[in-house]
Amino acid sequence: MEQTDPKINIPFNRPFIIGNELEYIQDAVLSGIISGNGKYTKKCQEFMEKYLPSPHMLLTTSCTDALEMSALICNIQPGDEVILPSFTYVSTANSFALRGAHLVFVEIREDTLNLDERLIEAKITKKTSAIVPVHYAGVACEMDMIMDMAAFYGLTVIEDAAQALAAKYKGRNLGTIGDFGTFSFHETKNIICGEGGAISINNQKYRATADIVWEKGTNKREFSQGDVDKYEWLKLGSSFLPSDILAAFLYAQLENIEKIINRRQQIFERYHRALLPLERKGLLKVPSVPPECEISYHLFYLMLNDSQTRNALLHYLQSQGIMAIFHYIPLHSSPYGSRYGFKRDQLPITVRISERILRLPFYYELSEQDQDLIIDTIETFFINY
Ligand SMILES: *Cc1c(COP(=O)(O)O)cnc(C)c1O
């Protein structure tokens with residue numbers, strides 16, 4: 001494993017504890033209930049409902065699960081077409097592919113790396129049932145246009161807000177604008193519990209179904225609330241509830257959300273300030289944030305001029321003990337994704353971006369000293385390149 005290599009000093013990510021994580025876990029364990037939908041699950045859901053605000057939140061075991069839940073709730077059927085970017089994490093695609101959906105990839109915008117809203121309409125057919133905008137790096141997709149289009153054609157919108165908790169579009173929190181919004185608390189995200197996620201049910205018509213799908217396709221939630229005297233199998237569902245031990249950890253993190261985002265903003269701005277001069281010299285590009293967006297400061301990427309430079313910088317940083325990484329291998333040209341009939345060259349921006357992007361170490365406890373070391377190392381690379 002690269003992370004245990006003694007030469008490596010700065011990992012790409014490092015999970016952290018910020019408040020009462022361990023106390024709350026102990027409390028959950030001693031309370032005698034550590035399965036799902038316990039005290040801390042409810043606290044997390046209520047916190048997020050108030051914070052976002054969201055009309056209805058359900059905690060899940062991951063954002064992947066939240067996305068899979070959304071596909072079950074809106075009853076995606078084999079052959080239904082789902083529109084999404086190819087430049088995203090596999091879970092965005094898997095969740096709908098699992099239901100037999102036909103995936104229709106859309107090109108991204110060069111400035112935000114989000115799916116290009118102007119190209120969506122041309123992809124809509126009679127079989128289209130959903131659009132899945134992914135808010136890359138917590139920068140909002142053009143939600144006004146996407147929602148208008150979805151309303152006009154009668155489509156469901158599922159926001160993949162895995163990276164976007166606390167980010168806003170025109171003052172509204174991401175994940176609360178579409179019919180559903182999905183969040184991640186994976187240890188690499190801003191707010192963490194190891195593995196975890198949540199789904200915001202924004203469209204009231206899906207609320208009852210969501211509760212049933214969440215509880216393995218049964219009305220156990222109603223039963224737990226004393227509304228019915230037995231629970232039974234009503235729909236297709238699965239086990240989407242995290243243990244209350246994880247929710248206990250998560251609740252301590254949520255209580256510190258402002259502090260976490262503020263620290264991440266400092267890290268982001270420090271990178272941005274220090275590396276902007278390299279952009280002015282034409283050596284790379286730093287992220288730009290559209291004026292109508294407040295971002296979540298989830299990640300910091302550099303866009304190099306070509307793939308050779310990206311790879312050389314990546315290797316140089318790693319040789320100096322700095323674990324920079326890149327992503328995503330475009331889904332449309334990956335071994336499984338190629339079945340959806342896209343040629344590699346069909347989405348040239350996606351391909352070009354994925355070859356030139358580089359992500360720098362970014363975590364809550366990244367020290368200014370380490371950050372300066374990363375910045376100095378990048379500057380040294382360009383002096384010698
Ligand atoms: C991290 C991520 C996911 C998956 O989240 P998990 O909680 O690990 O399942 C999905 N989509 C995007 C865009 C992500 O960044």
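Which helices each supply at least two residues of the lining of the largest pocket? They are helix 3 (63-73) and helix 4 (90-97). The structure is a predicted model, in which local features need pLDDT of at least 70 and side-chain atom pairs count only at pLDDT 80 or more, while totals for chains, interfaces and linings use all residues. Residues are numbered from 1 along each chain as its sequence is written, and side-chain values use heavy atoms, with hydrogens and water left out. Helices (H or I, at least four residues) and strands (E, at least two) are DSSP runs, numbered from the N terminus.

**Domains and their interface**

- The protein chain is assigned domain 1 (21-254) and domain 2 (257-384), with bounds that come from an automatic or database domain assignment.
- The centres of domain 1 and domain 2, taken over C-alpha atoms, are separated by 26 Å. The contact involves 43 residues from domain 1 and 35 residues from domain 2, where contact means heavy atoms within 4.5 Å.
- Between them, domain 1 and domain 2 bury about 3,400 Å², of which 61% is on carbon and sulfur atoms. Buried area here is the accessible area (1.4 Å probe) that two parts lose on being put together, summed over both.

**The largest pocket**

- The largest pocket holds about 590 Å³ of space. A pocket is an open set of points on a 1 Å grid over the protein atoms alone, with protein on both sides within 12 Å along at least five of seven lines; a cavity is a set of points where a 1.4 Å probe fits but cannot get out, and lining residues have an atom within 4 Å of a point. Grid points are joined across faces, edges and corners, and a volume is the space filled by probe spheres set on the points.
- Its lining comprises 26 residues, and Y89, H186, T188, K189 and Y328 lie nearest the centre of the pocket.
- Helix 3 gives the most to this lining, with three residues.
- Because domain 1 and domain 2 both give residues to the lining, the largest pocket lies between them.
- By class, the lining has nine nonpolar, 13 polar and four charged residues. Ala, Val, Leu, Ile, Met, Phe, Trp, Tyr, Cys and Pro count as nonpolar, Asp, Glu, Lys and Arg as charged, and the others, Gly among them, as polar.

**Cavities**

- There are four cavities of 30 Å³ or more in the structure.
- The largest cavity has a volume of about 90 Å³ and is lined by 14 residues, with Y136, A137, V139, P287 and Y301 nearest its centre.
- Ten nonpolar, three polar and one charged residue make up the lining of the largest cavity, which draws at least three residues from each of domain 1 and domain 2.
- The second largest cavity contains about 60 Å³ of space, and the residues that line it include R109, E117, C141, Y169 and C293.
- The lining of the second largest cavity has six nonpolar, two polar and four charged residues. Both domain 1 and domain 2 give residues to this lining, so the second largest cavity lies between them.

**Backbone geometry**

- Most residues other than glycine have a negative phi, and most peptide bonds are trans.
- The peptide bond from L52 to P53 is cis, with omega near -15 degrees; P53 lies in the loop between helix 2 and strand 1 (57-60).
- H327 and Y328 are also joined by a cis peptide bond, with omega about -15 degrees. Y328, in the loop between helix 10 and helix 11, is one of the residues nearest the centre of the largest pocket.
- A137, which is not a glycine, has a positive phi near 60 degrees. This residue sits in the loop between strand 4 (128-131) and helix 5 (143-153) and is buried, with a relative accessible area of 8%. Buried means under 20% relative accessible area, exposed over 50%, and partly exposed in between (1.4 Å probe, protein chains only).
- K170 has a positive phi of about 45 degrees, lies in the loop between strand 6 (168-169) and strand 7 (172-173), and is partly exposed at 46% relative accessibility.

**Buried loop and helix residues**

- N37 is found in the loop between helix 1 and helix 2 and is buried, with a relative accessible area of 12%.
- G38 is in the loop between helix 1 (21-31) and helix 2 (39-51) and is buried at 6%; its C-alpha atom is separated by 5.7 Å from that of D244, 206 residues apart along the chain.
- The buried residues of helix 11 (residues 348-356) include I349, V351 and I353, and the buried residues of this helix pack against strand 12 (301-304), helix 10 (307-319) and strand 13 (357-359).
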